[in-house]
Amino acid sequence: MSCHTRISRAFEGALRLPLAEESGYILFSDCHRGCGNANDNFLKNEYLYLAALSYYFDRGFTCIELGDGDELWENRSMKCIREMHGRCFELLEKYEKSGRMYSIYGNHDLVKKYPGFQKKYFPNQKFYSGIILEDQKNKKDIYLTHGHQSDFFNSALWRLSRFLVRYVWKPLEGLGIPDPTSAAKNNVRKKKSEAILSSWAKENGHILIGGHTHHPMLGSGESPYFNTGSCIHPSGITGIEIRNRCMTLVKWSMSAREDRTLYVRRESMGETVCIDDY
């Protein structure tokens, strides 16, 4: 099966949500919430994430997580992740109860697609391979998926990849040796994945937003592929806001005022891109 076929299949029977002028969506990806040990890359940014989620909840946004929310390759237990990041799950459940939370599974949390896993750990939530935001002006729909479908090793061979990460690369990561199979840590694999996702978006005439490579980027008319980035970068977390049928790449980070007090800063990264521009 080709990469393009795998990407297309992610949207077969996809959940469809309305996209109108009054719609507000915040897209985050690749939190990789862990168990609080040395390999838990999310831990250092947890307060930034909580601040961002609170900001968007108070402003009526709908939150969509684009996969790899939990690190279930390095960790076997979902229970320890929930216990470690209880405040995050409480806030996410607050979104769920208000009908404003949707989730896509990625390669590192692909087990969430199985009904048994959902019933045990997420009884009130469903996970999707893809979500389509339907433009109410019939201009251009926005297609959302994780993006691992562009990588044969992390999609078709995900069980082998999980085994290697869990028992080979996780111990080596503690010694400073990065996982060569990861599109986020291997620039060659990253560029290859991005090229495939971009070509699929262009050939199918869709706006495509994904995660997976951890590389935040804005698309264009020539290349309508966007990426949310991740929530585990050392300098902060990134995501994509969708308001008024326009997309803005944003970054949340720690900053200091002139009186040297610290605060959580939200800033836009680049120009806002609107559907009407396509």
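In the classes used here, Ala, Val, Leu, Ile, Met, Phe, Trp, Tyr, Cys and Pro count as nonpolar, Asp, Glu, Lys and Arg as charged, and the others, Gly among them, as polar. The model is predicted, so local features need pLDDT of at least 70 and side-chain atom pairs count only at pLDDT 80 or more, while totals for chains, interfaces and linings use all residues. Residues are numbered from 1 along each chain as its sequence is written, and side-chain values use heavy atoms, with hydrogens and water left out.

By that classification, the lining of the second largest pocket comprises seven nonpolar, four polar and four charged residues. A pocket is an open set of points on a 1 Å grid over the protein atoms alone, with protein on both sides within 12 Å along at least five of seven lines; its lining residues have an atom within 4 Å of a point. The volume, meaning the space filled by probe spheres set on the points, is about 240 Å³ for this pocket. Of its 15 lining residues, Leu110, Lys113, His148, Gln149 and Ser155 lie nearest the centre. Helices α1 (3-9) and α7 (158-173) each contribute at least two residues to the lining; helices are DSSP runs of H or I with at least four residues, and strands are runs of E with at least two.

Turning to the strands, β11 (residues 246-256) pairs with β12 (residues 262-268) in the antiparallel sense over seven bridges, where pairing requires at least two DSSP bridges. Methionine 254 sits opposite valine 264 of β12. Five residues separate the strands of this hairpin, in which arginine 260 adopts a positive phi near 75 degrees.

Technical notes: On a 1 Å grid over the protein atoms alone, a cavity is a set of points where a 1.4 Å probe fits but cannot get out, and a pocket is an open set with protein on both sides within 12 Å along at least five of seven lines; lining residues have an atom within 4 Å of a point.
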